[in-house]
Each structure stands twice: as structure tokens, then as C-alpha cells.
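Please work through the exercises below with the sequence and the structure open beside you. Try each task on your own before reading its solution.

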Amino acid sequence: MSPATAAAASALPARWRARYRLTPWWAKVIVIWALSRVVTTTLILILASVQGDNPWTGAHPTYLQFANMWDGLWYNIVAVSGYPSVLPVTDTGHIAENAWAFMPAYPMLVRLLMLITGLGWAPLSVFVSLAFSLATALLFYKLMLRVLPASTALFSVVLFSVAPLSPLLQFGYAESMYLFLLTLALMLLLDRRYALLFPVIAVMAVTRPSGLAFALALGLHVIYRFVTRRRDPFPMRERMLAASVALFSAVMGFAWLLAAWAVTGSMSSYTDTELAWRSAYIGYQELVPFTAWFQSGGWWLGQPFGSIVVIALILAFTIFMFSPPVRRLGVDLRFWVASYALYLLAVFFPQSSTFRLLMPMFPLLGAIAIPRNLAYRIALVVLGIAGQWGWLLIAWGVDGADWTPP
């Protein structure tokens, strides 16, 4: 404990310190989550109060209306109408933006609750996201506890709860549900409960694109365990089971592409749909792996400076992944973060949605939470809350012809 932290702790009455030590871990996490939601909701309501007319709502929308803008409408469409069997086409003959870009697990769960309760999309979509965000916070603490001390694990939950993108945890988006499934999958991986990964991966892969990245992480896990089998036994049964779940995850990585092909009759329907979203930046182009970041660098910054920046980001990220705080997270969490980063580098076109796409790398918050200096930790919380306001202003609130989608 740093001197500042120790001094702050000793300044509290002894009965408060004793009561804190006796408080169950789950109660501490719930309090952190609840307080963070109060702060985030306040920021959202302030922005909604000054929001003007936009394509999704009228001026000064209610919270539920404001929480279901942008892709929330697409998820609503999926829940109510499903997916088109005929892909929409632009005036130039290219595939237009359509519902196939949005996977079914989250909207179908909300749809099920709509049928059971008779309530509409808006309240239930927010309820589901909030419920999964709380469940994720609880699981995230247990995940971090496997690699970090209890106090650091708890502060990791604080950082997760106040992170700049945390407003999405209470919007009509699939992120909360996906992060819950991902946290559960990572816990099962660390505990080597491979058989239980099959159903989790099956649902996770049709909540947000993740099957291929998780398959790579599992493959690296298998290789690592095989190489280190002398000091960490890797019985044949576990080898076969771990390899099987890695293969299953890879298959699930293509499942949604195959589903779109089966319904629409076009083998490239899913990738064509995804490419429609980047056409506003670089026009309609083929999907060529590992080129999109350099294309984006050129669009934003020009060449060759754009490519130089991309290469610098890759090198900086690689160095960061081998830094002592990140290494404290253990090999399996680092395998996941590296695999997901490689997946984004292969297929994603960076723009304003980049920050949202980085959310699955949230185990890195554990490394950021390690320093115990009180001033450092307070600064991180303040920066997180300020980042929420900045992200809401830039990516969520709509100001005229907005070109910065969340």
C-alpha cells in the first residue's frame, strides 16, 4: 500500500474499516456498479436534455428514446422483423447497410422478454443491458481475482464501471451481453473447464463477432500448455478437449456468414453488408485482410504519414503487451487480448466506432489498476468520467449531419 493510500485508510474510523473488511465482495461490486450508473445516467440525461431533432428522436428525448439511437434501431428491427432474405441495393448496385450486420442473440433475447412481458423494445433493451452489465462487473471481479490481489481486482471493477465507453452498458446495444459472455468464457479458460466453453462460445459468437479471435486465443493456449507440459501436465484428454473447443470456436466464427449465405443465397452477403459501412469513407472495395487500418490511416492522415502512425501503434501495442503490469495478467488473458487485437487489425476499418470495438480488450484494465497510489487512482476515475462525457458528445449525441457513429 502506498503511503498516501495508507494515510487515507488510517484516517477512517476503525469501525468503518472493520465494516468494510466484513462487507462481502459482491456487495462492494454492486455498490461500485450502482454508483457508476448514477453518474453515467446523470451525464446521459444532461446530454439528452439539449439534444435536438435527429433521425431517431425528436428534440429533448426521454432516456429510453436517447438510449436506443444509432445501432439500437437496427437491433430493434432485428427483434421485430428479423433479417431480409433479399439484400437491399444502392443506386450504384452495391449492397446497402442492412440488418445482417447485427447478430441475433441480444435482439432475440429482448424479443423473448417482449413476448413474455408485453413491454416494448425500449425499456427491455435497456433492462437487459443493465442486467448484463451488473453480471459482468461481478464476474470481472472474480476473473481479476485469479491473477491480481483482491484490492486491485476491485479497483479493476471501478475502472470498468467508469470507463469512457461505459454508457454503452445501459444502451440498447449488445455490448453488455457480449462482455458478460466473454468474461465467463475467459474464466472458464483460466479454470480449464473446456467442456463448459462450448455453449458459451456458441452464444457469444452470435452476439458479437468473436469466434475467430477466441479460436486463436484457444489455439495459443493449447500450444502453450503443450510446450510447458513438463512443469504443467497436459493430459491427452485435456489436449483433445481443448483442441476441440478451439476448432468449435473457429467454426462458430464462420457460422453467421454461413447463415446469411443460406438465407440470402449470396456467399458474400455478410461481408458485403459490413463493407457497406466503410463505403462512406473509402467507397466500395473488396475485403482484403490486414489492409483496412492502412486505408484508414491514409483517409484520416494522408500517406505516408497514415501508414507510419499505424505501424507505430502496432509497435507501441506490442511493447505494452510485454510490459510488467500486463504480464501480471497471465498468459491466457494476454493471448485473448493479442488475438482480438490481431482480429481487429485483419478486418476492421478504424473510424469513430473504433473505441467501441476495443471494449473486449477490457482485461487490460487489470494492468492499469495495479499501481496503488491514491492520487493515481483518483485521477483514473476522474479521467474515466470525463472520457464518458467526451465520448457521449462526440459519438452519441447528434449534431446535424453527424458522421461520428458510436
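The exercises that follow concern a predicted model, and each solution goes step by step.

**Exercise 1.** Determine whether I95 counts as buried or exposed, and find which residues it touches.

Solution. Begin by placing the residue: I95 lies in the loop between helix 5 (71-81) and helix 6 (105-117). Next, take its relative accessibility, which is 19%; the cut-off for buried is under 20%, and therefore I95 counts as buried. Then list its contacts, leaving aside residues up to four places away in sequence: I95 touches L87, P88, V89, T90, D272, T273, A276 and Y284. Finally, compare sequence with space, where I95 and T271 are 176 residues apart in sequence and 9.8 Å apart from C-alpha to C-alpha.

**Exercise 2.** Examine the length and the covering of helix 9, then the length and the packing of helix 11.

Solution. Start with helix 9 (residues 175-191), whose 17 residues reach 24 Å from the first C-alpha to the last, close to the 24 Å expected at 1.5 Å a residue. Helix 9 is mostly covered, with 14 of its 17 residues buried, and it is followed by R192, whose phi is positive, near 60°. Turn now to helix 11 (residues 211-227), which has 17 residues and a reach of 24 Å, again close to the expected 24 Å. Its buried residues are G211, A213, F214, A215, A217, L218, H221, V222 and R225, and these pack against helix 9, helix 10 (197-204), helix 12 (236-264) and helix 17 (331-347).

**Exercise 3.** Find which members of the largest nonpolar core touch the most other members, and follow the contacts of W396.

Solution. The largest nonpolar core has 103 residues, and F171, L197, F214, W336 and W396 touch the most other members. Not counting residues up to four places away in sequence, W396 touches F66, A67, N68, M69, W70, L168, F171, Y173, W391 and P406. To finish, note a second, separate core of seven residues, which includes L87, W100, M103 and A260.

Notes
Residues numbered from 1 in each chain as written. Predicted model: local features only at pLDDT ≥ 70, side-chain atom pairs only at ≥ 80, totals over all residues. Heavy atoms only, no water. Core = buried A, V, L, I, M, F, W, Y, C linked by side-chain atoms within 4.5 Å. Buried < 20%, exposed > 50% of the residue type's maximum accessible area, 1.4 Å probe, protein only. Contact = heavy atoms within 4.5 Å. Helix = DSSP H or I, 4+ residues; strand = E, 2+ residues; numbered from the N terminus. Expected span 1.5 Å × (residues − 1).
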